[in-house]
Amino acid sequence: MEPSFGTMYNYVHYSFSYPDEMSTVRYSGNYAMIVFNGTDINDRESWLISYRFIVYENAVTVLPRVTPSSNISNRYTTQEVDFDINHKDFRIIDPMRDIHVSILQNFDWQQSRNDLKPIFIKPDILTFDYNMGENNFEGANEWRAYEVKDVRFNSSEIENINLEENGYHVYLRPDLIEGKRAYTTWQDINGNFLVKNDLGGDSHVESEYVWAHFTLVMPHAEEAEVVIQGRFNEFKTENVVCTYDETVGAYKHTILLKQGYYNYRYVLRDKYYSTDNVRFTEGSHAVTENVYHILVYMYDRNLGCDRIISAKAVSSVQ
């Protein structure tokens with residue numbers, strides 16, 4: 001526990017290391033860190049923080065390939081993740097029954113393809129190469145970004161920074177919808193963020209919390225809502241629904257975020273079916289740079305649970 005130092009908002013920065021001398025992992029697989037208030041972890045109302053992570057082995061080798069979709073109608077908008085699993089010197093008794101694979105785009109569990117089974121089984125090689133879109137992902141676009149590592153200066157993405165009674169207010173330049181625009185490449189960090197204060201020695205406790213004002217200029221969508229996504233909210237969108245301002249013809253939202261560098265994007269969500277449309281707000285291109293994580297699960301009959309026998313990250317741009 002470390003208290004903030006020299007900031008307008010007083011806060012406490014918490015951190016811990018795992019595994020440690022008191023606790024370690026016995027098996028590979030999916031895990032969750034849960035911080036809860038009280039004595040009953042099964043009471044979801046008591047959960048303060050939950051965070052998913054994985055522990056994996058290097059028992060087999062994954063050989064991935066990221067290409068434009070083999071479906072002709074999606075060839076310019078969608079990416080396909082094919083791969084082989086080389087399991088030489090590692091015994092898999094029943095691949096069709098015991099092996100299943102998940103693919104995550106930019107390590108977003110909401111953008112995942114799960115329970116994938118091999119298409120071809122050869123000696124020491126399992127092939128995952130689908131033709132019906134089971135392993136296809138919207139390429140989307142490079143992530144929007146803004147930087148506020150020094151509240152004294154406006155970066156290229158910031159229109160103005162004001163110091164008000166309740167803290168610093170950072171007004172981002174109005175964004176435009178990208179759905180019909182041609183693809184343009186620029187550097188991003190695939191939806192991630194970095195806490196950083198250029199004037200401080202320890203950004204974790206010396207960074208200010210600032211009010212970030214987002215604006216997306218577009219017509220009012222009566223049957224849908226506009227939400228903001230990024231790693232800063234684990235790509236969840238429950239509390240980041242934008243409000244439409246008729247006077248300026250734009251969607252707006254304000255989020256309290258720590259100083260630093262942030263990737264974000266807008267998503268159009270149907271109000272009635274909870275379906276997301278990133279093509280309208282951001283566009284979708286097969287040439288967009290994304291990182292895919294391939295997680296290979298094997299059911300271990302002796303342990304009675306799934307192990308992750310391999311995890312492989314691959315960029316869509318080689």
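Mentor: Buried means under 20% relative accessible area, exposed means over 50%, and partly exposed is in between (1.4 Å probe, protein chains only). The model is predicted: local features need pLDDT of at least 70 and side-chain atom pairs count only at pLDDT 80 or more, while totals for chains, interfaces and linings use all residues. Residues are numbered from 1 along each chain as its sequence is written, and side-chain values use heavy atoms, with hydrogens and water left out.

Start with the surroundings. The chain has 3 helices and 24 strands; these are DSSP runs numbered from the N terminus, helices being H or I of at least four residues and strands E of at least two. Its C-alpha trace spans about 65 × 55 × 35 Å along the principal axes. Of the 318 residues, 44% count as buried. The accessible surface is about 17,900 Å² (Shrake-Rupley method, 1.4 Å probe; for residues, only the protein chains shown count as cover). Carbon and sulfur atoms contribute 51% of that surface.

Among contacts in the chain with a separation of 6 or more, 67% are between residues 24 or more positions apart; contact means heavy atoms within 4.5 Å. There are 29 positive and 46 negative side chains, and the centres of the two sets lie 6 Å apart. Lys and Arg are the positive ones and Asp and Glu the negative ones, with His and the chain ends not counted; each charge is placed at NZ of Lys, CZ of Arg, CG of Asp or CD of Glu.

Now the sheet itself. It is open and holds 4 strands in the order β8-β7-β23-β24, with antiparallel pairing. Two strands pair if DSSP finds at least two bridges between them. At the edges are β8 (108–116) and β24 (305–315), each of which pairs on one side only. Neighbouring strands here are turned by 20° against each other on average, direction ignored (axes are lines fitted to C-alpha atoms, for helices over the stretch in contact, with angles from 0 to 180 degrees between N-to-C directions).

Inside the sheet, β7 (residues 99–105) and β23 (residues 291–300) run antiparallel and are joined by 7 bridges. To find this pairing on screen, look for S102, which stands opposite L295 in β23.

The loop between β7 and β8 holds N106. Its phi is near 55°, a positive value in a residue other than glycine. N106 counts as buried because its relative accessibility is 8%. For background, most residues other than glycine have a negative phi, and most peptide bonds are trans.

Apart from neighbours within four places in sequence, E289 contacts E142, Y183, D188, N190, S315, S316 and V317. Y272, by contrast, is 17 residues from E289 in sequence, with 31 Å between their C-alpha atoms.

The peptide bond from Y18 to P19 is cis, with omega near 0°; P19 is in the loop between β2 (12–13) and β3 (29–36).

A separate hairpin is made by β13 and β14, with 2 residues between them. Here 6 bridges join β13 (residues 158–164) to β14 (residues 167–172), and the strands run antiparallel. L163, in β13, has Y168 of β14 as its bridge partner. L163 counts as exposed because its relative accessible area is 55%. Residues up to four places away in sequence aside, L163 touches M8 and Y168. R152 is 11 residues from L163 in sequence and 10.0 Å away in space, C-alpha to C-alpha.

Last, take A212 in strand β17 (residues 209–217). A212 counts as buried because its relative accessibility is 0%. Its contacts, beyond neighbours within four places in sequence, are Y146, V170, L172, H253, T254, I255 and L257. Of these, L172 is 40 residues from A212 along the chain, and their C-alpha atoms are 7.2 Å apart.
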